[in-house]
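Here is a friendly walk through a two-chain model. Have a look at the sequence and the structure first, and then read on.

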2 protein chains.
Amino acid sequence: MRTAYHEQLDALNTILGDMCELAGAAMSRATQALLQADLSVAESVITDNDRMSEMSARAEEQAFALLALQAPVAGDLRGVVSAFQIVADVDRMGALALHVAKVARRRHPAKALPEEVNGYFAEMGRLAVKLAHNAREVLETQDPEAAVHLQEDDDAMDDLHRHLFTVLMDREWSHGVAAAVDVTLLGRYYERFADHAVLIGRRVVFQATGKTPEQFQQVS
Amino acid sequence: MRTAYHEQLDALNTILGDMCELAGAAMSRATQALLQADLSVAESVITDNDRMSEMSARAEEQAFALLALQAPVAGDLRGVVSAFQIVADVDRMGALALHVAKVARRRHPAKALPEEVNGYFAEMGRLAVKLAHNAREVLETQDPEAAVHLQEDDDAMDDLHRHLFTVLMDREWSHGVAAAVDVTLLGRYYERFADHAVLIGRRVVFQATGKTPEQFQQVS
C-alpha cells in the first residue's frame, strides 16, 4: 500500500538522486579542468557548489518535515534516517569535486598533473561519474541488488589508486615533490568520492531491506 | 520538564561522548606509534577499532529505538537526528586514527616521518586529542557557546597543516617522494579528524538551539 509517507519519501529520494547526478557532473567537469588546465571550467565547478549546499539544506528540511508530520513508525523510519545520512554523503562528494577543481585553479596556467598520470585520472574521473550515476539509479529504483554492485566499480577505483602510488614511488618519478603531493591528494579525493557513492548504495540496501549489504547477500 | 525521551537522549549523547573520547585515545596512541615507530602500540590501535564499530552499531540502535518508541515531535527530533549524524562523524574519526596507525605499522621498523616534521605531528596529535575531548564535553553539557569554540582549535590545526605543506614544498626537502607522500596523507588524516570534531560541535549547537553556529552567533 502506497501511503503519503512513501510518496514523500520517494520525492525525497528523487532529490537525493538529483544531488548525486550534480556531484557526478561536478566531478566530470573538475576532471576536465584538471586534465586540460581549463580555468573557466574549474571556476564553474567552484561557483556551482553553492547549488549543492542549497539542495542539501532543502533535502534536510524535507526529511525533518517527513519525520515530524507523518510520524513514521518502525520500518518506515529506516528510509528517512538513511535520507539524512545520504545528504551528508552526497554533500561530501560535491566537496571533493570542489577540491579537485581548486587544485586545477591553483596550478593554472600550468597543468597540475604530469603527463604520465593523466590516464589514471581520466579513468578515475570516469569511474567517479559512473558511481555517482549508479547511486542515483539505485536511489530511484530502491533495488538492493544493484545497490550492492556499486562496490565493484569502487574496487576498480581502489586498484587504480594503488597503481597510482606505485607510479609515485617509482625511482624514475622525475616531477619532484610538489607534483607528488598534488597527485597524492587528488588520488585521495577521487577514492573518497567513490567511497561515499558506495556508502549511498549501502544505505539504499538498508532503506529497502533493513539489512546491511553483508546480511542481504547472505540471504539472497 | 525532563521526559523519558530527554533522559534517553542524554544517555545516547553520553555514549556518543564516550566514542569521542575513544577516538581521541586512539589518535593519541596512533601518534605515539607514528613518532616512535612502536609496532605494538600501532597494533593495539588497529585491534581496538572493532570496539568503535560495535559502539557505533549500538548507538544507532539506541537512536532508532528512541525515534520509534518515544515518537518525538518537532523540536525533539533535532536531538535524535543529530545523534545519527554524530555517529557517522565519530566513526570516521576512529577510522582516521586507524589510518595513522596503519602507516606506522607499514613503515616499521623504520620511522614513517623524517625527523624535521616530528614536531608538527606531535602538535597535530595533541590538537586532535584536545578536539575529541572537547567534542565529548559539549555532547555532555550541550553548551552551544563551548561547541562553537571547537572551531578555534581547528583553526590552529589548519595553520599547522598549511605550514607542513611549506616544509614539503621547500627545495631543501631531502627525504624523497615516498616520505612526502606519507607526510601528505598523514597530514590530511589529522586535518580531517579535526574537521569531524568541529562538525560534532556544529551538530550540538543545532541539538541545543535549532540553529546553525552562524545563526546562533548572530543572536547571542
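## Around A:Q142

In chain A, the loop between α4 (118–141) and α5 (144–169) holds A:Q142; helices here are DSSP runs of H or I with at least four residues, strands are runs of E with at least two, and both are numbered from the N terminus. Please keep in mind that this is a predicted model, in which local features need pLDDT of at least 70, side-chain atom pairs count only at pLDDT 80 or more, and totals for chains, interfaces and linings use all residues. Residues are numbered from 1 along each chain as its sequence is written, chains are lettered from A and ligands numbered from 1 in the order in which they are written, and side-chain values use heavy atoms, with hydrogens and water left out.

A:Q142 counts as partly exposed because its relative accessibility is 22% (buried means under 20% relative accessible area, exposed over 50%, and partly exposed in between, with a 1.4 Å probe and protein chains only). Beyond its neighbours within four places in sequence, A:Q142 is in contact with A:N13, A:V204, A:Q207 and A:A208, where contact means heavy atoms within 4.5 Å. A:V204 sits 62 residues from A:Q142 along the chain, yet their C-alpha atoms are separated by 6.2 Å.

## The second largest pocket

Which residues are the closest to the centre of the second largest pocket? This pocket holds about 190 Å³ of space, and of the twelve residues that line it, A:H6, A:L9, A:Q142, A:Q207 and A:A208 are the closest to its centre. Helices α1 (4–36), α3 (75–107) and α6 (176–209) of chain A each supply at least two residues of the lining.

For the method: on a 1 Å grid over the protein atoms alone, a pocket is an open set of points with protein on both sides within 12 Å along at least five of seven lines, and lining residues have an atom within 4 Å of a point. Grid points are joined across faces, edges and corners, and the volume is the space filled by probe spheres set on the points.

In chain B, α6 (residues 176–209) has 34 residues and reaches 50 Å from its first C-alpha to its last, close to the 50 Å expected at 1.5 Å a residue (the expected span is 1.5 Å times one less than the number of residues). Of those 34 residues, 27 are buried. Just after this helix, B:G210 takes a positive phi of about 75°.

B:H161, in helix α5 of chain B, is buried at 10% relative accessibility. Leaving out residues up to four places away in sequence, B:H161 touches B:M124, B:G187, B:R188 and B:E191. Over in chain A, A:E191 belongs to helix α6 and is buried, with a relative accessible area of 13%. A:E191 is in contact with A:M157, A:D158 and A:H161, neighbours within four places aside.

## Backbone details

A cis peptide bond with omega of about 5° joins A:H108 and A:P109, and A:P109 is in the loop between α3 and α4 of chain A. In chain B, a cis peptide bond joins B:H108 and B:P109, again with omega of about 5°.

A:A37 has a phi near 50°, a positive value in a residue other than glycine. A:A37 lies in the loop between α1 and α2 (39–70) of chain A and is buried, with a relative accessible area of 13%.

## How the chains relate

Chain A can be laid on chain B with an RMSD of 0.0 Å by a turn of 180° and a shift of 0.0 Å along the axis, which is the relation of a two-fold axis. The superposition is by least squares on the C-alpha atoms of residues with pLDDT of at least 70 in both copies. The copies meet through the same surface, because 100% of the interface residues of chain A are also interface residues in chain B.

Note on methods:
1 Å grid on protein atoms, 1.4 Å probe; cavity = no way out; pocket = protein on both sides within 12 Å on 5 of 7 lines; lining within 4 Å.
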